Amino acid sequence: MEIEVTGAKILLELPFGITITETQVNMWIVMLGIALVCIWLTRGLKVRPTSKRQIIAEYLVKTAENFVTSNMGKKWKWFAPYIAALFSLAMFCSLSSLLGMYPPTSDLNTTAGWAIMTFVMITFYKIKTNGPLGYAKSLTEPIFIMTPMNILGEFATPLSMAFRMFGNVASGTVVSALVYAALSVANNALFGWLPGILGEMGQKLPILQLGVPAILSLYFDVFSGVLQAFIFCMLTMLYIASAAEPSD
Amino acid sequence: MVTMAGTLDFLSVNVWHILMAIGNLLILVLILKKFLFKPVQKILKQREEEIGKAYSDADKALSEAEAEKELYLKKLDDAKSEADSMIKTASERAKAESAEIISGAKAEAERRRRNADEDIELAKKKAADEMRDSISEMVISLAEQVVEKEIDPKAHASLIDGAIESLGEE
């Protein structure tokens, strides 16, 4: 039996080598879902709230703002929408695998894109705080020989972030696929012993595949997805906040 | 032109997909800003303003109430002192009036007593005069009988009166 683990299905090929894959489509579905939920939550807001929807909406906004300001400081309150978008997109992209969709976060390109955003912002704030010269100088510290290592270190941050999230989500998919395949083999073997039509039916019905993958998906999809989204946001905030601090 | 061109490799790097991931993230930031953060923040700001207004209104009402309380206390004090002074003046006036009435009554009584005294004096005098007259008549008639001779009252009046005078003085 062969088990094949592949990336996203290519759904559409456009000129200039642009392709639209499951990653993009599923991400758009997730974004549409988030947008609709937001529109629904903030419909008919009142100064004196009467609906549970409004309380949830206010709770979400306040939680996002608290999350950002407690990690980055009060002056970063404006940054809350970015972190909220990053967190919700990462989390719901990972959770989309619960619906049998291909999770966009198990595509390296997705996590790499987000990590590059973080990297651009880190570098932007480092240059903004210390000046271009100060930033260049900080790369040569403590001694000039260390410059290549320091440059490598700069790129290590987004690289590790991208691979961390990708690895966690994709490995979940891989492990799930492996377990599923193993269970199907076990199913065949177990019900192959049964005589006649009973055995044939048992082999066709995925009886052993019923319970175990669900528990695994609880860890890999729900727990790991939420945790990785959280970690990605935390790292983004901490790196950017420390980049905006004067280095000495 | 939809072609199922197979799948990507498990580990693949595609610049367009990276750019699309970034673009999707930024679009979601705008979506969240427009549909969640802006409206909620607006409502929270309005609520803050409303609460601030309620607080300042309450403070204002409180200070107004305090001022009115002060005013009423002052008015109450004024009324009390006014009532006190009214009672005082009334009682003073009453005292004065009663004193006046008493003194008037005393004076009246005094006057009446004096009148009565005068009347008594007058009556006494009159009685004395009458008595003197009758006595002098009596004396004259007695003396006439004694001397059997008519006495001219006019001729002897001074003599008789002197006699009566001396009688009355005793």
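Helix H7 of chain A comprises 33 residues (residues 212–244), which at 1.5 Å a residue should span 48 Å, and its end C-alpha atoms lie 47 Å apart, in agreement. The expected span is 1.5 Å times one less than the number of residues, and helices (H or I, at least four residues) and strands (E, at least two) are DSSP runs numbered from the N terminus. This is a predicted model, in which local features need pLDDT of at least 70 and side-chain atom pairs count only at pLDDT 80 or more, while totals for chains, interfaces and linings use all residues. Residues are numbered from 1 along each chain as its sequence is written, and chains are lettered from A and ligands numbered from 1 in the order in which they are written.

**Chain A overall**
- Chain A has seven helices and two strands, in the sequence pattern β-β-α-α-α-α-α-α-α.
- Of its 248 residues, 33% are buried, a term requiring 20 or more other C-beta atoms within 10 Å of a residue's own, with C-beta atoms placed from the backbone.
- Among contacts in chain A between residues at least 6 apart in sequence, 66% join residues at least 24 apart; a contact means C-beta atoms, placed from the backbone, within 7 Å.
- In H3(A), 14 of the 16 residues are buried, so this helix is largely enclosed by the rest of the structure.
- H3(A) reaches 22 Å from its first C-alpha to its last, close to the 22 Å expected.

- H5(A) and H7(A) pack at about 180° with axes 10 Å apart; axes are lines fitted to C-alpha atoms over the stretch in contact, and angles run from 0 to 180 degrees between N-to-C directions.
- The two helices H5(A) and H7(A) are therefore roughly antiparallel, the term for angles over 145 degrees.
- The residues of this H5(A)–H7(A) contact divide into 14 nonpolar, eight polar and two charged; Ala, Val, Leu, Ile, Met, Phe, Trp, Tyr, Cys and Pro count as nonpolar, Asp, Glu, Lys and Arg as charged, and the others, Gly among them, as polar.

**Chain B and the interface**
- Chain B has two helices and zero strands, and 11% of its 170 residues count as buried.
- H1(B), residues 15–147, should span 198 Å for its 133 residues, and its end C-alpha atoms are 189 Å apart, which agrees.
- H1(B) bends by about 40° at B:Lys33.
- The contact between the chains takes 38 residues from chain B and 42 residues from chain A.
- On the chain B side, these residues divide into 25 nonpolar, nine polar and four charged.

Terms used. Two residues are in contact if their C-beta atoms, placed from the backbone, lie within 7 Å. A residue is buried if 20 or more other C-beta atoms lie within 10 Å of its own, exposed if 12 or fewer, and partly exposed in between; C-beta atoms are placed from the backbone. Angles under 35 degrees count as roughly parallel, over 145 as roughly antiparallel, 65 to 115 as roughly perpendicular and the rest as oblique. The bend at a residue is the angle between axes fitted to the seven residues ending there and the seven starting there.
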